[in-house]
Amino acid sequence: MARRPNGRAVKKHRSYTVDEAARTLNVTKGTVRRWMKDGDLPALTDQRPTLILGHDLIAFLDGRRRDRKTCQLHQAYCFRCRAPGDPAYGEVEIKLDTNGAGMMEALCATCTTVMHKRVSASRLPELQAKVKVTIKQAPARIGESAQPCPIGHFKKAR
Ligand SMILES: [Zn+2]
């Protein structure tokens, strides 16, 4: 059972009651009502039953996903704010490994939590155009293979 509401199950050209939308997305009716109440999900509330247009529902789910996950190049996801965070003071630090892959570290401008994300070295000039970048070259470690998994890398770094 999928935990994340799946917008792909929604049909663009049909309309949904709260109950149908909840069942289609595998969420509770309360969740759907909250989406409507918070004002982000448009619904035809001047009629009974209240109807949600499939096309509005898809746009809402897309928007939510984008807001929550997508960072611009100079931003990183802040786990505390649960949103993309701007680097505090417009400064980031990049640790480059020997493969030319970089790990960006910055403080969230909102809550100063440390944020990390992977940045390819080829995008550094683009990044430097937006924020002040301090580059730290990781010392070459002989005999140690590259760690391809970002999760593994993250655990290891802690
Ligand atoms: Zn934050």
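In this predicted model, the count of salt bridges comes to six, taking a side-chain nitrogen of Lys or Arg within 4 Å of a carboxyl oxygen of Asp or Glu as the rule. Side chains of opposite charge can pair when their charged atoms come close. Glu93, Lys95, Glu105 and Lys136 are linked in a network of such bridges.

| Salt bridge | Distance, N to O |
|---|---|
| Glu93 and Lys95 | 3.9 Å |
| Lys136 and Glu93 | 3.7 Å |
| Lys95 and Glu105 | 3.2 Å |

The side chains of Lys136 and Glu93 meet in a salt bridge. Because Lys136 lies in strand E8 (residues 132-137) and Glu93 in strand E5 (residues 91-96), this pair ties together parts that are 43 residues apart in sequence. Lys95 and Glu105 likewise meet through their side chains. That pair links distant parts of the chain, with Lys95 in strand E5 and Glu105 in strand E6, ten residues apart.

Which residues coordinate the zinc ion? The ligands are Cys78, Cys81, Cys108 and Cys111, each through its SG atom, at 2.2 to 2.3 Å. Along the chain, the donors follow the spacing C-x2-C-x26-C-x2-C. Cys78 belongs to strand E3 (residues 76-78), whereas Cys111 lies in the loop between strand E6 (101-107) and strand E7 (114-120), so this pair ties together parts that are 33 residues apart in sequence. The arrangement is tetrahedral because the four donor atoms subtend angles of 103 to 112 degrees around the zinc ion. For comparison, the ideal angle for four tetrahedral donors is 109.5 degrees. Cys78 counts as buried, at 1% relative accessibility. Cys111, at 18%, also counts as buried, since the limit is under 20%.

On the surface, Tyr89, Leu107 and Val114 form a nonpolar patch with about 330 Å² of accessible area together. Leu107 is found in strand E6 and is partly exposed, with a relative accessible area of 34%.

Helix H1 (residues 18-25) has Val18, Ala21, Ala22 and Leu25 buried. These residues cover an arc of only 100 degrees around the axis, which puts them on the same side of H1. Just after H1 comes Asn26, in the loop between H1 and H2. Asn26 has a positive phi of about 65 degrees although it is not a glycine, and it is partly exposed at 39% relative accessible area.

Further backbone features lie in other loops. Arg82, which is not a glycine either, has a positive phi of about 55 degrees. Arg82 is found in the loop between E3 and strand E4 (83-85) and is exposed, with a relative accessible area of 63%. The peptide bond from Arg48 to Pro49 is cis, with omega near -10 degrees; Pro49 sits in the loop between helix H2 (29-37) and strand E2 (51-53).

Finally, Arg123 is found in the loop between E7 and helix H4 (124-128). Arg123 and Leu73 are 50 residues apart in sequence and 8.5 Å apart in space, C-alpha to C-alpha. Arg123 is partly exposed, with a relative accessible area of 37%.

Methods. Residues numbered from 1 in each chain as written. Predicted model: local features only at pLDDT ≥ 70, side-chain atom pairs only at ≥ 80, totals over all residues. Heavy atoms only, no water. Donors = N, O, S within 2.8 Å, 3.2 Å for Na, K, Ca; no water. Tetrahedral: all angles 85-135°; square planar, octahedral: opposite > 155°, others 65-115°. Helix = DSSP H or I, 4+ residues; strand = E, 2+ residues; numbered from the N terminus. Buried < 20%, exposed > 50% of the residue type's maximum accessible area, 1.4 Å probe, protein only. Arc of directions from axis to C-beta. Patch = residues over 30% accessible without salt bridge, like charges linked within 9 Å, V, L, I, M, F, W, Y side chains within 5 Å. Areas by Shrake-Rupley, 256 points an atom, 1.4 Å probe, with all protein chains shown as cover.
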